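Me: I have a structure open and have not looked at it before. Can you walk me through it?
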Amino acid sequence: MQLPLVAPAPIVSQHAEAFKDLFENQKQYRHFQNYLTGLIVLPNKSMANISRCILDSADKTNLSRFMSESPWFQEQVNHRRLTYLHQETKLVRKLKSESALAIDDSLCEHVGSLFEYVDRHYDHADDGYPIAHNPVTSHYVSGAVRFPVDLRLYRRYEEITQWEKFVLKHFLGTTIPKKKKERQKLHKQVDETLLQDPEFLALHQQFRTKIDLAIDLVRSAIRHRLRFDILLFDGWYLSEALVAEAARRHKKWISILKKNRNLETNSFQLKDANGQPIKFEGEHVSVEEFVKQIPSNAFKMVVVNEKTYWTFSLTVRIPSLGKVRLVISYENAKLTNTYVVLVTNALDWEAKRIIATYLLRWPIETFYQDGKELLGLDEYLMRDAKAIGKHWCLVFVAYSLLHLDCLPSPLAKEQVPTKSIGETCRQQARALIELLVIQAHKMLQNGENAKSVFDSLFAKQLAYASA
């Protein structure tokens with residue numbers, strides 16, 4: 001048995017009025033509140049389970065129609081959410097120069113393949129290819145203020161172009177290989193021919209890389225008038241196109257630099273432990289080889305957020321990226337184990353500031369964790385892409401409302417969230433339990449016996465269990 005929902009969660013009731021005019025009628029508005037409440041307090045976030053737990057909904061298909069057929073638009077809801085957050089957080093946000101937009105992506109894994117646009121995507125964590133959706137998201141960070149901004153669904157080239165179907169259409173009897181390298185080889189052999197097919201060409205032109213989506217998310221954040229001067233992304237997104245977009249927008253950026261990237265050897269001078277210049281053969285040297293040549297006495301200790309790092313920084317040129325600042329960072333004084341190389345166009349920033357700023361990217365990771373574990377970001381069973389997009393939109397709304405409850409007072413000495421998203425979810429669940437107890441007490445006072453009260457409150461769940 002799960003918690004019967006006798007009313008919207010208090011935090012939903014507190015803020016939902018800001019969205020009311022976006023819905024055609026009171027029923028749609030109530031479905032909006034009920035769905036948010038289910039995401040926040042129920043262990044099972046599926047639409048069917050939320051419907052079973054709502055006491056004032058007579059038909060389990062009502063919520064389904066709200067997600068799949070009702071004429072409300074997720075773009076309008078998301079824009080209203082961001083406008084509302086901008087207004088509600090103005091007293092606790094930091095300056096534009098200290099605020100950042102982080103870009104990343106995550107997998108929403110599934111067991112079946114009946115979901116629209118689902119496909120096998122590479123998972124860095126276990127080096128596998130699970131069936132999943134792969135949304136790319138942006139996240140705003142300004143001091144204690146941290147919330148998701150927007151989302152774009154990444155679709156693999158082979159999925160969006162129906163590549164295998166067209167290979168078999170034009171190359172009868174071809175065996176489609178399963179392994180990545182063999183498929184890439186087949187791409188080189190057949191793609192030129194496939195592009196002569198107008199139908200395939202039209203699908204090919206719809207494809208957008210994750211870098212394309214990241215650039216679109218940056219532009220979207222600017223259109224929404226979010227105030228930030230810094231872009232943060234991991235090494236996968238470090239590309240000439242995204243860096244160029246940052247330059248056009250006059251944004252600073254920080255990323256991870258992969259160890260196989262090359263540095264231009266004529267752009268810097270590195271000295272050995274005795275102060276003598278180190279000579280490198282050739283025009284380029286890999287980051288990995290460069291780090292091996294840095295003398296241990298060149299590393300300096302810095303402390304960021306009470307954690308100690310040993311760092312070396314230098315300005316260099318990188319092909320396709322231009323002049324940048326590097327920070328090589330170890331977590332121990334012996335300079336053993338792994339190291340991280342940060343890269344930025346903020347040429348005048350010192351190592352401590354670069355590390356501290358890049359760490360602002362962490363809230364996007366905690367959003368993915370909280371979104372999946374607490375709010376059902378990946379817990380949906382609707383198959384239609386439009387309905388899935390609405391689900392993601394409402395997860396963003398639920399997270400944002402909870403986050404508002406976590407913000408410190410503008411006068412607080414320490415400007416960090418005062419509690420976690422999980423704590424706030426538990427508080428909302430407790431408040432609804434209190435309302436449920438009050439409801440049961442009123443029913444008992446009106447002469448109903450305990451069994452009748454129980455059967456009334458859990459009727460829909462009991463009917464499902466016995467079906």
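**Notes on the model**

Reply: One point to begin with: helices H5 and H15 are roughly parallel to each other. This is a predicted model.

Me: What angle do H5 and H15 pack at, and how far apart are their axes?

Reply: The angle is about 10°, and the axes lie 10 Å apart. H5 covers residues 74-88, while H15 covers residues 385-406. Angles under 35 degrees count as roughly parallel, so the pair gets that label.

Me: Which residues of H5 and H15 meet?

Reply: On the H5 side they are Gln74, Val77, Asn78, Arg81, Tyr84, Leu85 and Glu88. On the H15 side they are Lys386, Gly389, Lys390, Cys393, Phe396, Val397, Ser400 and Leu404. Sorted by class, the H5 and H15 contact has seven nonpolar, four polar and four charged residues.

Me: Let's step back. How many helices and strands does the protein chain have?

Reply: The protein chain has 18 helices and 13 strands. Its C-alpha trace spans about 95 × 70 × 40 Å along the principal axes.

Me: What share of the residues counts as buried?

Reply: 51% of the 467 residues in the protein chain. As for contacts with a separation of 6 or more, 63% of them come from residues 24 or more positions apart.

Me: Back to helices. At what angle do H2 and H4 cross?

Reply: H2 (residues 26-41) and H4 (residues 61-68) cross at roughly 100°, and their axes come within 10 Å. H2 is therefore roughly perpendicular to H4.

Me: And which residues make that contact between H2 and H4?

Reply: H2 contributes Gln28, His31, Phe32 and Tyr35, and H4 contributes Asn62, Leu63, Phe66 and Met67. By class, the contact of H2 with H4 has five nonpolar residues, three polar ones and no charged ones.

Me: New topic, strands. In which sense do S4 and S5 pair?

Reply: Antiparallel, over nine bridges. S4 is residues 131-142, and S5 is residues 145-154. One of the bridges joins Tyr140 to Phe147 in S5.

Me: What sits between S4 and S5?

Reply: Two residues, and the two strands form a hairpin. Gly143 is in the turn and has a positive phi of about 65°.

Me: How many residues of S5 are buried?

Reply: Eight of its ten, which leaves S5 mostly covered.

Me: Is Cys53 buried or exposed?

Reply: Cys53 counts as buried, because its relative accessibility is 1%.

Me: Last one. Where is Glu350?

Reply: Glu350 is in the loop between strand S13 (340-344) and helix H13 (351-358). Glu350 counts as partly exposed because its relative accessibility is 45%.

Me: How far is Glu350 from Leu314, by their C-alpha atoms?

Reply: The two C-alpha atoms are separated by 9.7 Å, with Glu350 and Leu314 lying 36 residues apart along the chain.

Definitions and conventions. Residues are numbered from 1 along each chain as its sequence is written. This is a predicted model: local features need pLDDT of at least 70, side-chain atom pairs count only at pLDDT 80 or more; totals for chains, interfaces and linings use all residues. Side-chain values use heavy atoms; hydrogens and water are left out. Axes are lines fitted to C-alpha atoms, for helices over the stretch in contact, and angles run from 0 to 180 degrees between N-to-C directions. Helices (H or I, at least four residues) and strands (E, at least two) are DSSP runs, numbered from the N terminus. Angles under 35 degrees count as roughly parallel, over 145 as roughly antiparallel, 65 to 115 as roughly perpendicular and the rest as oblique. Contact means heavy atoms within 4.5 Å. Ala, Val, Leu, Ile, Met, Phe, Trp, Tyr, Cys and Pro count as nonpolar, Asp, Glu, Lys and Arg as charged, and the others, Gly among them, as polar. Buried means under 20% relative accessible area, exposed over 50%, partly exposed in between (1.4 Å probe, protein chains only). Two strands pair if DSSP finds at least two bridges between them.
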